[in-house]
Amino acid sequence: MGKLITTTKPLIFQSKLLCFSLLYLFTTLFLALYTILSQSKCLFRSSPLDPIQDRLFSYPSSYGEHKYAVSTTRSTCTSPIFFSDYMDVVKEIKNLIKDSSSAEESSALRYMQGNAESFGGNLSTKARFSYFDHQIDNTQVPCGFLKKFPISDSDRIAMEKCEGVVVVSAIFNDHDKIRQPKGIGGKTVEEVCFFMFIDEVTMKGLEDHGMIGRESREHKIGVWRIVKVAKEELYESPAMNGIIPKYLVHRLFPNSKFSIWVDAKLQLVVDPLLLIHSLVISQNVDMAISKHPFFLHTMEEAMATARWKKWWDINALKHQMETYCEHGLQPWSPSKLPYASDVPDSAVILRRHGVGSNLFSCLMFNELEAFNPRDQLAFAFVRDKMKPNVSINMFEVEVFEQLALEFRHNLKNKRHGSVLSTSPRTKRAHPGFLYVNATCCSKCQKYLLTMWDQSNH
């Protein structure tokens with residue numbers, strides 16, 4: 001008879017624990033090597049250890065909150081950011097909020113009071129520019145609210161109670177969808193306020209989808225508290241009404257210490273406390289905002305605004321740029337460092353509420369009311385001219401693309417009386433666009449020559 005041959009499994013396969021341990025080890029080594037060797041190094045430290053897994057809100061299928069996503073991920077990253085431990089960040093931010101000194105409060109800006117025909121007072125050029133130097137002056141600064149901001153008392157009280165970090169967004173004219181943030185930690189919901197400002201048109205759309213009750217006085221969708229604004233008492237332009245929560249967040253939330261503005265076309269996918277800590281607190285700056293993906297100079301953005309009909313009055317754009325050139329706007333150059341660019345992507349703005357960021361926001365709002373809501377056009381002029389200087393972390397586009405997902409705006413339609421389909425026709429520039437008194441060229445001639453000279457070197 002032949003021998004009975006028996007086989008035994010190798011020792012490595014006999015222990016499930018050993019198998020899982022080896023799998024974890026090799027996976028970790030692979031990710032480490034990938035991070036070191038890969039061209040794409042914008043891999044953030046993972047989200048909070050205890051991110052909320054449950055859906056923050058169950059949307060009706062008809063709403064389509066995740067339709068029309070825009071793919072923007074780049075293959076390279078030159079400036080990755082890293083997050084500290086989530087619980088350490090929570091504790092540090094809570095301590096910073098608690099330790100807000102009375103000295104900061106005593107040095108806070110004083111705001112102009114009164115009544116005016118427009119929300120911001122519609123100030124003249126001379127009047128607006130007179131407030132740029134605020135180094136010693138204790139003068140009251142014009143900063144909107146010269147008319148009552150038309151919201152309910154209950155919403156106003158809730159906004160005043162927000163004393164830490166607030167995330168703010170706005171949808172006017174049913175232009176976007178409400179989307180829930182992803183990857184947020186359990187403590188974040190307790191420590192961060194989320195406010196979404198909307199108008200009657202947007203409210204009607206939410207009611208039609210059954211997302212809010214028609215009889216309710218207070219509304220919440222997921223983490224977002226919904227604040228209805230009676231836009232009839234503000235500006236005709238929905239975009240300009242959106243500028244109020246975007247740039248006057250420190251006035252709408254007077255007791256908050258940090259804020260994040262998120263355009264409604266975006267879905268935040270990184271915890272807001274980690275973002276504030278990494279991009280603002282760790283960098284010791286007043287604000288953080290992304291660089292524009294394509295443009296470096298303000299005039300490049302102005303030309304694109306006219307070319308792609310981002311604003312309908314071309315002559316008004318020309319007048320705005322000439323006003324800034326006449327009062328000292330210069331193209332970007334290395335002498336402007338540490339400001340890395342003159343053109344931001346302002347879809348996400350992170351702020352530490354203090355004199356620097358508050359003054360910048362007030363001055364920006366005044367310029368936007370005077371000209372148009374295209375905030376990239378006024379950005380560099382206000383930043384470079386204001387005193388004291390505002391410290392800004394202008395982070396790389398690759399970082400911006402990893403902290404939020406972008407979606408297309410709602411399609412144009414006439415539902416609920418939307419004016420999306422009835423925007424003003426583009427007003428062409430007059431024949432003398434580049435001439436002043438029949439003499440070439442405009443007041444921005446020196447700016448353009450310098451910009452073009454830089455481009456050729």
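**Surface contacts and aromatic pairs**

The model described here is a predicted one. Gln454 belongs to helix 17, which covers residues 445–455. Apart from its neighbours within four places in sequence, Gln454 touches His297, Pro331, Trp332 and Ser333. Take Trp332 from that list: Gln454 and Trp332 are 122 residues apart along the chain, yet 9.3 Å separates their C-alpha atoms.

Another partly exposed residue is Met303, whose relative accessible area is 40%. Met303 is part of helix 12, residues 298–307. Together with Leu449 and Trp452, Met303 makes a nonpolar surface patch of about 310 Å².

Now turn to the aromatic rings. A pair of such rings is described by two quantities, the distance of the centres and the angle of the planes. With rings counted as paired if their centres lie within 6.5 Å, the model has 17 aromatic pairs. One of them is formed by Phe119 and Phe365, with 6.1 Å from centre to centre and 80° between the planes. This pair is edge-to-face, because its angle is over 60 degrees. Phe119 sits in the loop between helix 4 (102–106) and helix 5 (125–129), while Phe365 sits in helix 14 (residues 355–370), so the pair ties together parts that are 246 residues apart in sequence. Are these two residues buried or exposed? Both Phe119 and Phe365 are buried.

A second example is the pair of Phe149 and Phe197, also edge-to-face, with centres 6.2 Å apart and planes at 65°. Phe149 and Phe197 are both buried.

Which residues do ring pairs link into a cluster? The members are Phe119, Phe145, Phe149, Phe195, Phe197, Phe253 and Phe365.

The charged end of Lys177 sits over the ring of Tyr63, at 4.8 Å from the ring centre. Likewise, Arg307 lies over the face of Trp308, 4.4 Å from the centre of the ring.

Key. Residues are numbered from 1 along each chain as its sequence is written. This is a predicted model: local features need pLDDT of at least 70, side-chain atom pairs count only at pLDDT 80 or more; totals for chains, interfaces and linings use all residues. Side-chain values use heavy atoms; hydrogens and water are left out. Rings of Phe, Tyr and Trp (its six-membered ring) pair if their centres lie within 6.5 Å; planes under 30 degrees apart count as stacked, over 60 as edge-to-face and the rest as tilted. Helices (H or I, at least four residues) and strands (E, at least two) are DSSP runs, numbered from the N terminus. Buried means under 20% relative accessible area, exposed over 50%, partly exposed in between (1.4 Å probe, protein chains only). A charge sits over a ring if NZ of Lys or CZ of Arg is within 6 Å of the ring centre and within 35 degrees of the ring normal. Patches are made of residues with over 30% relative accessible area and no salt bridge: like charges are joined within 9 Å, nonpolar side chains (Val, Leu, Ile, Met, Phe, Trp, Tyr) within 5 Å. Accessible areas come from the Shrake-Rupley method with a 1.4 Å probe; for residues, only the protein chains shown count as cover. A salt bridge is a side-chain nitrogen of Lys or Arg within 4 Å of a carboxyl oxygen of Asp or Glu. Contact means heavy atoms within 4.5 Å.
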